[in-house]
Amino acid sequence: MTGTLYQIVTLAAFGNAFLKSRIRNPDLSANLSFQYCNRVTFKILEAPILFMSKREKVVAANPGDWYRFLQDGGCQKLRLHYSPSKEQLPMKDYKTAGFIGGGGTWIIEAVYLNYSEAWTGKWEVTQEDHPNKKAWSVSYMRIPNQFKTQDLQIPQQQAKDALEEALFNIETFAFEKNEEGFGKIFRKARLTLSSDTPEQAYYNQHLIPNDYFSLTARQLLYAAGSAWVFGGMGSWNDLGFDTEAANETYEALTERLYHSVNQAVLCAVNSY
């Protein structure tokens, strides 16, 4: 996954554990989802006074304080929400997914009793020469307008079947085209869908608080993470083949995989 998606997955998952009183004092400073960040803050826009424009106000200097801010306001749970780009020309979302701002829009939905609010992140390089490579500052801003609760829920078996089929088909194609490195990636992801310990072979084994998620949810999330091949130059979504038919098959399989991976992430995180 991209760093931005990593982070909102972790924020939402640990936030729900806090809101359900499973974790009292969450400290995510050592979580790999935050390893390149020197600061993560949460802001709202204050109401204007007289002729002054709205001003940004920091309401939390870290995720733990943000969770308490949400709880004090009556937030019941957090959900992820994904929207494809409205215009996907000249490049579709799976082509731009490895770049900041590309690949469609992810938000964190904070669900209240009768409405929801959206939080969206902005990443900026502020300490390029940081000794521990913590170059990024991230600020999450609450979008001012409340909206009708979405609370996207996807049946787990449906998401699992779709991801497994997409992985099997693209794995077969990769090996047929002598892309063995990618074929092995797809195979590993597919096998994760049937693993009893899907987190153990993943880069960030603590992407979510595993104890509070079902095995199926964990299989979906860690398989989706393992199948993320959507980056820049040299990534799977940057390939091309020598015939029009092969390219058409490649494009169709890649788009299907991207959709299935996103649905798996939504399904897994929103299941708790």
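Is Glu124 buried, partly exposed or exposed? Glu124 is partly exposed, with a relative accessible area of 38%, where buried means under 20% relative accessible area, exposed means over 50%, and partly exposed lies in between (1.4 Å probe, protein chains only).

## About the model

The structure is a predicted model, in which local features need pLDDT of at least 70 and side-chain atom pairs count only at pLDDT 80 or more, while totals for chains, interfaces and linings use all residues. Residues are numbered from 1 along each chain as its sequence is written, and side-chain values use heavy atoms, with hydrogens and water left out.

## Salt bridges

Side chains of opposite charge can pair when their charged atoms come close. A salt bridge is defined here as a side-chain nitrogen of Lys or Arg within 4 Å of a carboxyl oxygen of Asp or Glu, and a search of the whole structure finds 11 salt bridges. One of them joins Lys122 to Glu124, with the closest N and O atoms 3.8 Å apart.

Lys77, Arg79 and Asp151 are linked in a network of salt bridges. The side chains of Lys77 and Asp151 meet at 2.8 Å, N to O, and this pair links distant parts of the chain, with Lys77 in strand β3 (residues 77-83) and Asp151, 74 residues apart from it, in the loop between β6 (136-142) and α4 (156-176). Helices (H or I, at least four residues) and strands (E, at least two) are DSSP runs, numbered from the N terminus. Asp151 also forms a salt bridge with Arg79, and here the closest N and O atoms are 2.8 Å apart; because Asp151 lies in the loop between β6 and α4 and Arg79 in strand β3, the pair ties together parts that are 72 residues apart in sequence. Both Asp151 and Arg79 are buried, the relative accessibility of Asp151 being 18%, whereas Lys77, at 22%, counts as partly exposed.

## The buried side of helix α2

In helix α2 (residues 63-72), the residues Pro63, Gly64, Trp66, Tyr67 and Leu70 are buried. They cover an arc of only 160 degrees around the axis, so they lie on the same side of α2; the arc is that of the directions from the helix axis to the C-beta atoms. An α-helix has 3.6 residues a turn, so residues three or four places apart point the same way.

The buried residues of α2 pack against α1 (3-19), β1 (37-46), β2 (55-60), β3, β4 (105-111) and β5 (116-125), where contact means heavy atoms within 4.5 Å.

## Helices α6 and α7

The axes of helix α6 (residues 215-226) and helix α7 (residues 244-269) come within 8 Å and cross at roughly 145 degrees. Axes are lines fitted to C-alpha atoms, for helices over the stretch in contact, and angles run from 0 to 180 degrees between N-to-C directions. The crossing of α6 and α7 is left-handed, a term used if the near helix is turned anticlockwise from the far one by less than a right angle, with right-handed used if clockwise.

In this contact, Ala217, Leu220, Leu221 and Ala224 of α6 meet Val261, Ala264, Val265, Cys267, Ala268 and Val269 of α7. The residues of the contact divide into 10 nonpolar, no polar and no charged, where Ala, Val, Leu, Ile, Met, Phe, Trp, Tyr, Cys and Pro count as nonpolar, Asp, Glu, Lys and Arg as charged, and the others, Gly among them, as polar.

## Two buried residues and their contacts

Val261, in helix α7, is buried, with a relative accessible area of 0%. Not counting residues up to four places away in sequence, Val261 touches Leu163, Ala224, Ala227 and Trp228.

Ile107 lies in strand β4 and is buried, with a relative accessible area of 15%. Leaving out residues up to four places away in sequence, Ile107 touches Arg79, Leu80, His81, Ala118, Trp119 and Thr120.

## Positive phi values in two loops

Ser21, in the loop between α1 and β1, has a phi near 65 degrees, a positive value in a residue other than glycine. Ser21 is exposed, with a relative accessible area of 59%.

Asn178 lies in the loop between α4 and α5 (180-192), and its phi is near 60 degrees, again a positive value in a residue other than glycine. At 63% relative accessibility, Asn178 counts as exposed.
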